[in-house]
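Good morning, and thank you for coming. Please look at the structure on the screen while I speak about its pockets.

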Amino acid sequence: MGFQEVIDADGRIEPRDEMPEAYRKTLVRQIAQHAHSEIIGMQPEGNWITRAPSLRRKVILVAKVQDEAGHGLYLYSAAETLGASRHDLLDLLHTGRQKYSTIFNYPTTSWADVAAIGWLVDGAAIVNQVPLTRCSYGPYARAMTRVCKEESFHQRQGFEAMTVLSRGTPAQRQMAQDALDRWWWPALMMFGPSDAESPNSAQSMAWGIKRFSNDELRQRFVDATVPQADYLGLTVPDPTLSWDGEHYRYGEIDWTEFFAVMKGDGPCNRQRMGFRVKAHEDGAWVREAAEAYAAKQRAKAI
Ligand code: FAQ
């Protein structure tokens, strides 16, 4: 079967199958930016590993942050099956020529932010990524199956931590509300620009890469999350929020803020990139040692 027949039959494209160059490029762009988001996304929560309020919370947080590193690795591997090199992709990230999710450019100023990230950011990631398990490109779809299982656990631990805070002392409850106030709108922005402003969506949906539009997924997230905020006894920071009998109608997203953060002007963009580039440079000796070891093994095998 040719490429279009496979797509029309809702089948899977595998690495050695023929594919249009534009399909390959779109996948490399999306998968690489997804991978970058996972590894940059380790930083906001990673900031709290040394300050977690108990040993139990610290162990959970270390495991979660490691999971995000693992997601980055599956995703870079998926991009490599399309002929991209990991070295080049990291170079595109480090030189600002590829993006990562805007959400990771916001600061984590209290412990409640770690809980809010698990609840809202991992929650939004799941809504966005479950449909990607049906993506037309096999390696990306399969990577998403495992990633989504782990993100589900992350979301539950975040919601559990939010539950503890929101049922705690008045100060803890206030911390939980403050975190929801600061993370709600950036979480809605994770889904990308509105459908009318999304240049890639139509083609990506025609190719079966994206299964739903940005606005459809955003609405799904709002509908799932507002009742959870109610359960926690917290207030979603949107005075216009209303139930229309089918969906929660939400207010206008600040797109000026979204595009500014996307272009590098968010509260933590420079800090995140500076930290990332330094970590990469500091790790050069590990990559060199691994390459030297691999070369030695190859020489032995000849
Ligand atoms: N931030 O035409 P569209 C996570 C860009 S992982 C920055 O709609 P598309 C796990 C977009 O790239 C979170 N840039 O684009 C975790 C495009 O620019 P380009 C990441 C954004 O690709 C949890 C331009 O705007 N998830 O959270 C954003 O069809 C906790 C026009 O937009 C994924 O990457 C944004 N928010 O749809 C980790 C999921 N939105 O590339 C640690 C996979 C849009 O042409 C801790 N990706 N842009 O230069 C996707 O589903 C899609 O790529 C979208 C964007 C929906 C993100």
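I begin with a term: on a 1 Å grid over the protein atoms alone, a pocket is an open set of points where a 1.4 Å probe fits, with protein on both sides within 12 Å along at least five of seven lines, and its lining residues have an atom within 4 Å of a point. The model is predicted, so local features need pLDDT of at least 70 and side-chain atom pairs count only at pLDDT 80 or more, while totals for chains, interfaces and linings use all residues. Residues are numbered from 1 along each chain as its sequence is written, and side-chain values use heavy atoms, with hydrogens and water left out.

Consider the second largest pocket. Its lining comprises 24 residues, and I39, L90, R276, A279 and H280 lie nearest its centre. Helix α12 (269-282) gives the most to this lining, with seven residues; helices here are DSSP runs of H or I, at least four residues long, numbered from the N terminus.

I turn now to the largest pocket. It is lined by 45 residues, with Q33, S101, M190, F191 and G192 nearest its centre. α6 contributes the most to that lining, namely seven residues.

Where does the ligand sit? It sits in the largest pocket, meaning that more than half of its atoms lie within 2 Å of the pocket's grid points. An oxygen atom of the ligand is 2.4 Å from an N or O atom in the side chain of K99.

Technical notes. Polar contact = N/O pair within 3.5 Å; in protein donor to acceptor, adjacent residues only side chain to side chain. Helix = DSSP H or I, 4+ residues; strand = E, 2+ residues; numbered from the N terminus.
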